[in-house]
Amino acid sequence: MGGWRVTIVIALALVAYPPIRLPAQTDPRLVDAIQLAQAGRQDSARALVNGLIASLSPSDSVYPEALYTAGILGFDTRTITTNLQRVVVEYGQSSWADDALLRLAQFHFAQADYASTVQTAERLRRDYPESPLRGRAAFPAARAYFQLGDEPRGCAMIGEALDGGGGDVEFKNQVEFYAGRCTRTVAVTPPAATTNAPAPKAFGVQVLAVRTAAQVDEMLTRLKAMGFHARVVRDTTGYFKVRVGPYPTREEADRARARLRTRLGGQPFVVEEP
């Protein structure tokens with residue numbers, strides 16, 4: 001993505017997701033930088049923040065806040081992600097770590113990197129269970145899950161976003177737009193069977209199981225270009241599993257497996273799905 005396009009993404013993020021903790025920033029130089037950026041003077045804002053970072057010791061309590069600010073004002077993908085990731089990795093106990101994860105999740109979604117969006121938002125939920133930003137992070141996660149074909153997980157995240165939105169009416173309206181999608185999904189779900197008859201089986205073909213988001217996005221793009229219905233399943237092991245299907249019979253799944261092996265190589269295999 002070109003630098004000017006990244007700048008637009010970040011500018012939109014500043015408008016669409018106003019930082020909850022902005023009034024709590026303690027360093028007036030960083031407050032000034034944010035105000036400069038919001039006034040359209042991004043170059044001056046970045047110069048101010050970069051100068052402050054250069055003058056600070058990494059052990060200074062303002063340092064993670066300065067890195068976070070440099071991240072949200074960044075001009076290119078590398079600057080944005082590097083600064084925000086540094087906050088998470090090097091200053092994970094600071095009050096800015098969950099803010100940095102939220103911004104990363106929003107940025108990944110804006111770049112259509114849906115697997116990274118999910119991975120980052122889920123990390124916030126896992127590592128910072130008491131964070132007031134969990135509901136905010138659930139929203140980009142929900143939209144990413146929808147894009148990845150995981151409707152149940154997406155709807156679960158929508159519920160969490162509704163619960164954690166606080167009194168922000170605009171945010172709640174955005175989430176409720178997608179909540180209608182979940183209501184329709186629930187409405188067409190048939191009632192549970194009252195007999196002991198086994199539920200019908202379905203079959204899929206697993207193509208990939210990895211922990212890195214980039215491989216997932218690449219494989220999804222390739223499979224969809226080939227005309228396969230591909231989706232991502234994530235289980236308790238933490239792996240992202242790319243699967244094709246479902247198919248009503250094992251025979252159909254096995255035929256798809258053979259086609260996938262011919263076109264992609266590797267060792268795709270048939271899995272039974274609920």
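Modeller: Axes are lines fitted to C-alpha atoms, for helices over the stretch in contact, and angles run from 0 to 180 degrees between N-to-C directions. This is a predicted model, in which local features need pLDDT of at least 70 and side-chain atom pairs count only at pLDDT 80 or more, while totals for chains, interfaces and linings use all residues. Residues are numbered from 1 along each chain as its sequence is written, and side-chain values use heavy atoms, with hydrogens and water left out.

Colleague: At roughly what angle do the axes of helix α5 and helix α6 cross?

Modeller: Two packed helices are described by the angle between their axes and the distance between the axes. Here the axes of α5 (residues 77-90) and α6 (residues 97-110), helices being DSSP runs of H or I with at least four residues, come within 8 Å and cross at roughly 150 degrees. That makes α5 roughly antiparallel to α6 (angles over 145 degrees count as such).

Colleague: How do I read a pair of rings, and which kind of aromatic pair do phenylalanine 139 and phenylalanine 171 form?

Modeller: A pair of aromatic rings is described by the distance of the centres and the angle of the planes. Rings of Phe, Tyr and Trp (its six-membered ring) pair if their centres lie within 6.5 Å, and planes under 30 degrees apart count as stacked, over 60 as edge-to-face and the rest as tilted. Phenylalanine 139 and phenylalanine 171 are edge-to-face, at 5.7 Å centre to centre and 85 degrees between the planes; this pair links helix α8 (residues 134-147) with helix α10 (residues 169-187). Both phenylalanine 139 and phenylalanine 171 are buried (under 20% relative accessible area, with a 1.4 Å probe and protein chains only).

Technical notes. Helices (H or I, at least four residues) and strands (E, at least two) are DSSP runs, numbered from the N terminus. Angles under 35 degrees count as roughly parallel, over 145 as roughly antiparallel, 65 to 115 as roughly perpendicular and the rest as oblique. Buried means under 20% relative accessible area, exposed over 50%, partly exposed in between (1.4 Å probe, protein chains only).
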